Amino acid sequence: MALLRGKAWVFGDNIDTDLIYHGKYLPLTDPREMAKHAMEYVPGMEDFSKRVSPGDFVVAGRNFGSGSSREHAVLCLKYLGVAGVIAESISRIYYRNAINNGFLVLECPNISKKVKTGDELEVDPESGLIRNLSSGEELFAHPLSGLEREIMEKGGLIEHIRSLMEG
Amino acid sequence: MGKTIIEKILQAHTKDEVKPDRLIEADIDLAFANDITAPLAIEDFKLMGAKKVFDPEKVALIPDHFTPNKDIKSAEQAKLVKEFAKEYGIKHYFEVGRGGIEHVLLHEEGLTLPGDVIIGADSHSCTYGALGCFATGVGSTDLAAAWALGKLWFKVPRTMKFIYHGKLKRWVGGKDIILFTIGQIGVDGALYRAMEFSGDVIRELPMDDRFTICNMVIEAGGKCGVIEPDEKTIEYLNGRAKRNYRIFKSDPDAEYEKIYEWDLSELEPQVAMPHSPANVKGVSQLRGVKVDQVVIGSCTNGRLRDLAIAAEILKGKKVHPDVRVIIFPGTQRVYKEALKLGYIETFIESGAAVSTPTCGPCLGGHMGVLAKGETCISTTNRNFIGRMGHKDSYVYLASPAVAAASAIAGEIASPEEVMKG
């Protein structure tokens with residue numbers, strides 16, 4: 001997996017799935033429509049989808065993605081072009097959903113305290129090394145496990161299962 | 001070293017060695033989805049190249065979130081699910097009018113059993129652990145994979161044990177126990193963990209209260225909740241279980257990551273304040289908080305015992321003039337029983353609306369959405385910002401007893417107080 005570079009958007013602890021993608025939008029299926037509502041319920045972030053640029057990172061504190069199993073909460077960020085989520089901890093279902101959709105998630109201690117919104121990050125998904133190019137600081141995320149990397153490299157669980165079924 | 005009940009259940013479903021933190025591949029006994037998660041799963045399932053589901057008997061589909069269809073988009077989703085059920089020969093499809101809220105329905109139908117490995121594309125799929133099985137919520141893509149292969153990979157969770165002693169006060173039940181517990185350990189206090197509930201308090205609890213406890217483990221970040229089966233479990237399953245089942249219990253020397261132990265004899269009814277299920281206080285500390293809406297029902301508290309408690313409090317009394325009350329029986333069977341027992345008449349006489357089973361109001365979908373500035377006390381499971389409607393609305397989580405008492409008082413009130421007055 002190649003090195004990634006993008007700007008950070010820093011959020012707090014317990015960014016739940018309703019903040020990421022509110023329940024009322026669950027009937028939507030058009031990716032562009034879904035992307036528009038990403039992070040809309042986070043106070044002060046109503047227009048996140050207009051402000052973020054493709055390749056940017058969502059950085060957060062503890063327990064990112066807690067709550068619902070809705071994959072829309074992963075897909076809306078992916079469709080928006082966000083490069084990945086780096087948080088101090090990530091809810092179990094969100095984490096799996098992200099990997100299964102080939103969307104990068106990394107758990108990195110203290111990241112929300114060491115990075116400010118607007119900082120430029122360079123991320124190595126393979127090793128978990130995160131360079132904050134704005135501050136010069138280096139941070140270490142837990143690297144993905146073998147199976148997680150395998151699924152990610154294929155672009156998600158759909159491709160992974162398809163190759164299993166064909167094999 | 002002994003094993004926990006969860007480790008034993010997983011071991012019975014895999015060839016891999018089960019140890020905490022290991023990745024295993026486990027066989028699935030039931031894999032289900034609803035009207036919002038099934039459409040994505042169906043699309044993924046087809047993209048995976050699957051031609052049939054691994055075992056149509058082990059798949060269930062329950063339209064419950066935006067049903068009865070709230071708009072055209074929702075109707076299209078529900079239609080897609082129905083057509084898939086027909087095309088793939090899935091018998092356990094529960095149409096509106098013959099089903100209800102998935103996590104009240106599936107155990108009522110005897111489709112979730114002790115010793116099972118169950119996955120549902122809904123985070124509250126952890127509910128069934130109350131029967132002594134491994135049950136967890138997954139996303140649609142994981143579910144599609146299980147439909148295709150009949151198995152799924154899991155990381156074996158470490159187990160935390162929660163032991164409750166003492167004798168509960170009147171009007172204190174499963175909802176208060178789980179709110180208290182989340183208040184103590186926080187919304188990520190059991191992240192990735194199995195939560196095993198035990199102690200004399202649990203043994204005394206009826207099954208309906210046990211389902212309520214396991215339903216909300218996800219609100220502490222838990223992967224699953226579990227209660228060892230006992231004579232109450234077996235009695236519940238008599239005449240209901242659709243398959244044979246297997247009872248597992250934790251070894252006395254099983255390894256727990258952490259053990260919490262509390263005496264609940266003095267516990268008063270608990271309420272979680274906005275905007276977190278861990279923001280918990282005793283009901284006596286919240287007196288005077290005015291409410292605009294009261295919701296009684298959902299996968300957390302939409303069972304017969306929940307309605308019985310609400311009816312006991314509302315009987316012969318009137319809902320406060322400034323309050324609207326919406327009561328949702330969890331399933332058609334619960335609804336019918338409540339009708340026979342006179343609860344529905346009690347609710348209507350008191351001035352409450354009784355709705356058909358749906359998840360609608362809990363997730364701000366339909367059938368009870370909050371306006372800007374409104375406050376709701378609800379027996380549901382989440383009170384995140386905007387959960388039940390407008391971003392500037394407020395949700396307090398409580399038991400059916402506290403919700404019913406608050407409906408009469410027009411503000412958050414304890415059942416004891418209302419019953420005295």
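In this predicted model, helices α11(B) and α14(B) run roughly parallel to each other, because their axes cross at roughly 30° and angles under 35 degrees count as roughly parallel. The two axes come within 8 Å, and the crossing is right-handed.

Let's look at who does the touching here. From α11(B), which covers residues 304–314, the contact draws on B:Asp306, B:Ile309, B:Ala310, B:Ile313 and B:Leu314. Facing them from α14(B), residues 400–409, are B:Pro400, B:Ala401, B:Ala404, B:Ala405 and B:Ala407. By class, the residues of this contact comprise 9 nonpolar, no polar and 1 charged.

Helix α11(B) has another partner to meet: α13(B), residues 343–350. These helices pack at an angle of about 45°, with their axes 9 Å apart, which makes α11(B) oblique to α13(B). Here α11(B) passes its partner in a left-handed crossing. B:Leu307, B:Ala308, B:Ala311 and B:Leu314 take part from α11(B), while B:Tyr343, B:Thr346, B:Phe347 and B:Ser350 take part from α13(B). This contact divides into 6 nonpolar, 2 polar and no charged residues. B:Leu314 is listed in the contact with α13(B) and also in the one with α14(B).

Here are the two pairs together:

| Helix pair | Axis angle | Axis distance | Crossing |
|---|---|---|---|
| α11(B) and α13(B) | about 45° | 9 Å | left-handed |
| α11(B) and α14(B) | roughly 30° | within 8 Å | right-handed |

Now let's step back to the chain that holds these helices. Chain B contains 15 helices and 18 strands. Its radius of gyration is 20 Å, close to the 22 Å that the globule rule gives for 421 residues, so chain B is as compact as a globular protein of that length. The C-alpha trace of chain B spans about 60 × 55 × 40 Å along its principal axes. Of the 421 residues, 60% count as buried. Among the contacts in chain B with a separation of 6 or more, 77% join residues 24 or more positions apart.

Methods
Residues are numbered from 1 along each chain as its sequence is written. Chains are lettered from A and ligands numbered from 1 in the order in which they are written. This is a predicted model: local features need pLDDT of at least 70, side-chain atom pairs count only at pLDDT 80 or more; totals for chains, interfaces and linings use all residues. Helices (H or I, at least four residues) and strands (E, at least two) are DSSP runs, numbered from the N terminus. The radius of gyration is taken over C-alpha atoms; the globule rule is 2.2 Å times the number of residues to the power 0.38. A residue is buried if 20 or more other C-beta atoms lie within 10 Å of its own, exposed if 12 or fewer, and partly exposed in between; C-beta atoms are placed from the backbone. Two residues are in contact if their C-beta atoms, placed from the backbone, lie within 7 Å. Axes are lines fitted to C-alpha atoms, for helices over the stretch in contact, and angles run from 0 to 180 degrees between N-to-C directions. Angles under 35 degrees count as roughly parallel, over 145 as roughly antiparallel, 65 to 115 as roughly perpendicular and the rest as oblique. A crossing is left-handed if the near helix is turned anticlockwise from the far one by less than a right angle, and right-handed if clockwise. Ala, Val, Leu, Ile, Met, Phe, Trp, Tyr, Cys and Pro count as nonpolar, Asp, Glu, Lys and Arg as charged, and the others, Gly among them, as polar.
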